[in-house]
Amino acid sequence: MVHGIPTNARLWRHVQSHLEDRYQTYAVDMIGYGQSDMLLDDVKHTLTNQAEAIKGVVEGLGLEGKVALVGHDHGGGACQVFAS
């Protein structure tokens, strides 16, 4: 689950609570938001860069091929870039 701007992963906490009996869910903070590293000068906050961050989470957790992405606002765009 990927949030929009200017929110963070906490946006999904109530949705996650409704899904917890059936699914393992993850809500991530996009680069520069929530508890992520605030890379303000070193990284441009593009959809492509955010999609690369999503890819890193999916690969890091070993979830390739097992993911249903949910995105809100800017997070939805990052999810589309990742999926394509």
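Predicted model: local features only at pLDDT ≥ 70, side-chain atom pairs only at ≥ 80, totals over all residues.

Modeller: Helices (H or I, at least four residues) and strands (E, at least two) are DSSP runs, numbered from the N terminus. By that reading, the chain holds three helices and zero strands, and its pattern along the sequence is α-α-α. The radius of gyration, taken over C-alpha atoms, is compared with a globule rule of 2.2 Å times the number of residues to the power 0.38. The chain has a radius of gyration of 12 Å, close to the 12 Å that the rule gives for 84 residues, so it is as compact as a globular protein of that length.

Biologist: What percentage of the 84 residues counts as buried?

Modeller: Buried means under 20% relative accessible area, exposed means over 50%, and partly exposed lies in between (1.4 Å probe, protein chains only). Of the 84 residues in this chain, 29% count as buried. Accessible areas come from the Shrake-Rupley method with a 1.4 Å probe, and for residues only the protein chains shown count as cover. The chain exposes about 5700 Å², of which carbon and sulfur atoms supply 50%.

Biologist: Which residues make up the largest nonpolar core?

Modeller: A nonpolar core is a set of buried Ala, Val, Leu, Ile, Met, Phe, Trp, Tyr and Cys residues joined through side-chain atoms within 4.5 Å. The largest one here has nine residues: Val2, Val28, Met30, Tyr33, Ile54, Val58, Leu63, Ala78 and Cys79. Helices α2 and α3 each supply at least two residues of this core.

Biologist: Where do the buried residues of α3 pack?

Modeller: Contact means heavy atoms within 4.5 Å. In α3, Gly75, Gly76, Gly77, Ala78 and Cys79 are buried, and the buried residues of this helix pack against α2. Among contacts between residues at least 6 apart in sequence, 58% join residues at least 24 apart.

Biologist: Is His14 buried or exposed?

Modeller: His14, found in helix α1 (residues 13-19), is exposed because its relative accessible area is 51%. Gly65 lies in the loop between α2 and α3, and Gly65 is also exposed, with a relative accessible area of 85%.

Biologist: Which residues make the nonpolar surface patch?

Modeller: Patches are made of residues with over 30% relative accessible area and no salt bridge; like charges are joined within 9 Å, and nonpolar side chains (Val, Leu, Ile, Met, Phe, Trp, Tyr) within 5 Å. A salt bridge is a side-chain nitrogen of Lys or Arg within 4 Å of a carboxyl oxygen of Asp or Glu. Here Tyr26, Val57 and Leu61 make a nonpolar patch of about 230 Å². Leu61 counts as partly exposed because its relative accessibility is 41%.

Biologist: Which peptide bond is cis?

Modeller: The bond from Ile5 to Pro6 is cis, with omega near 5°, and Pro6 is placed in the segment before α1.

Key. Residues numbered from 1 in each chain as written. Heavy atoms only, no water.
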